[in-house]
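Have the model open beside you and follow along.

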Amino acid sequence: YVQAAADKLREDAAVDLIIGNNRKADLVPLLDAWFAGKEIRESITDLAGSNEYEKLHINKQAEHSRAFIKVQDGCNQFCTYCIIPYARGRVRSREKENILKEVHKLAEAGYKEVVLTGIHLSSYGVDFPEDKKETLLSLIQAVNEVEGIKRIRLGSLEPGIVTEEFAKELAAMPKVCPHFHLSLQSGCDKTLKEMNRKYDTEKYRQAAATLRKYLPKVALTTDIIVGFPGETEEDFRESYAFAEEIGFAKIHVFPYSPKRGTPAAARKDQLLNAVKVERSHTLIQLSDKMAAEFLADAVGTDAEVLYERAVGDGIYEGHTTNYMKVHGRSEVDLTNRICKTHITRAEGEMLFGDAEV
């Protein structure tokens with residue numbers, strides 16, 4: 001909000017201190033200085049013209065098994081509904097050596113799984129000069145070599161990054177989890193074009209098929225926006241049918257919300273909230289149905305589960321490689337252990353089973 005509306009905040013007499021998005025590392029000293037009576041009004045970097053990656057390091061997280069590592073910030077896509085390029089600035093990638101240093105520390109601290117995240121993760125490395133060129137794939141390959149890390153999970157990806165080489169190389173690394181959040185936003189080509197997305201449904205269909213070709217047990221999840229300006233009932237039905245065709249493990253459904261300053265927010269063909277609510281409900285029902293089917297397919301199989309915490313007497317909660325949540329039974333403490341688990345039943349959004357120790 002600070003990056004997108006600094007002028008408005010400067011006029012607000014109730015606001016004492018304005019700190020920009022790329023100044024999180026300076027938050028404590030800035031507050032200390034302000035409370036000490038120093039004349040500080042704001043600390044903001046103009047992210048539109050900045051290629052500085054904010055250096056934040058993590059040695060310990062609230063979770064004890066899985067660590068989230070941000071490797072990229074900003075976005076160059078300028079989707080018509082999205083404020084992120086204005087609020088977060090352009091793509092800025094974190095140096096590979098810096099990332100690996102953090103991964104090594106987390107491995108030494110006992111973390112088994114790392115999740116590589118970013119505002120537009122697929123763009124990792126595009127801002128590096130030619131002599132220091134890196135890609136998301138080369139970064140994953142480097143993290144894969146870190147001893148102690150057993151799993152690598154990825155944040156949201158764009159369909160365009162999924163090539164034969166990308167999928168084949170990921171499949172060759174057993175640490176990479178077969179769970180991908182592949183951004184869709186709409187299954188209607190007309191809507192995708194109006195959103196300024198950089199793919200169509202055929203490109204998305206190919207990406208999903210390529211991942212499934214090399215990673216047969218892959219879980220695909222996605223985001224879909226309903227009620228985008230001008231979306232007709234026919235457009236929505238087309239989007240619904242495409243989602244059903246792909247067969248997701250889960251859909252995160254979002255009713256369109258106008259973001260001031262974006263092209264989509266200025267359109268005159270906004271939909272009524274009642275229409276958005278109805279379409280959201282319809283798509284959530286489809287998501288629930290597909291999620292239940294995905295979980296049901298796991299019953300009777302064995303899965304490798306990373307157990308994260310105890311949730312009852314002899315009951316431990318964890319996740320499979322393709323991110324299904326499991327409650328496993330064991331007389332031994334399973335916290336932060338990876339155990340083969342025989343899945344006996346599925347109920348709601350949960351699998352249940354017996355862990356082998």
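## Aromatic pairs

Across the whole structure of this predicted model, a search turns up nine aromatic pairs. Take Phe 78 and Tyr 86: their ring centres lie 5.5 Å apart with the planes at 80 degrees, so this pair is edge-to-face. Phe 78 is partly exposed, at a relative accessible area of 28%, and Tyr 86 is partly exposed too, at 40%.

Tyr 204 and Phe 242 are also paired edge-to-face, with 5.9 Å from centre to centre and 70 degrees between the planes. This pair links distant parts of the chain, since Tyr 204 belongs to helix H8 (residues 201–214) and Phe 242 to helix H9 (residues 233–246), 38 residues apart. Both Tyr 204 and Phe 242 are buried. Together with Tyr 199 and Phe 248, they form one aromatic cluster.

## Helix H4 against H5

Now look at helix H4 (residues 96–108) and helix H5 (residues 136–144), whose axes are 10 Å apart at an angle of about 30 degrees. That angle makes H4 roughly parallel to H5, and the crossing is right-handed.

On the H4 side you will find Lys 96, Ile 99, Leu 100 and Val 103, which meet Ser 138, Leu 139, Ala 142 and Val 143 of H5. The residues of this contact comprise six nonpolar, one polar and one charged.

## Helix H5 against H6

H5 also packs with helix H6 (residues 164–171), at an angle of about 5 degrees and with the axes 11 Å apart. H5 is therefore roughly parallel to H6.

Here, Leu 137, Ile 140 and Gln 141 of H5 touch Glu 165, Phe 166, Glu 169 and Leu 170 of H6. By class, that gives four nonpolar, one polar and two charged residues.

Key
Residues are numbered from 1 along each chain as its sequence is written. This is a predicted model: local features need pLDDT of at least 70, side-chain atom pairs count only at pLDDT 80 or more; totals for chains, interfaces and linings use all residues. Side-chain values use heavy atoms; hydrogens and water are left out. Axes are lines fitted to C-alpha atoms, for helices over the stretch in contact, and angles run from 0 to 180 degrees between N-to-C directions. Helices (H or I, at least four residues) and strands (E, at least two) are DSSP runs, numbered from the N terminus. Angles under 35 degrees count as roughly parallel, over 145 as roughly antiparallel, 65 to 115 as roughly perpendicular and the rest as oblique. A crossing is left-handed if the near helix is turned anticlockwise from the far one by less than a right angle, and right-handed if clockwise. Contact means heavy atoms within 4.5 Å. Ala, Val, Leu, Ile, Met, Phe, Trp, Tyr, Cys and Pro count as nonpolar, Asp, Glu, Lys and Arg as charged, and the others, Gly among them, as polar. Rings of Phe, Tyr and Trp (its six-membered ring) pair if their centres lie within 6.5 Å; planes under 30 degrees apart count as stacked, over 60 as edge-to-face and the rest as tilted. Buried means under 20% relative accessible area, exposed over 50%, partly exposed in between (1.4 Å probe, protein chains only).
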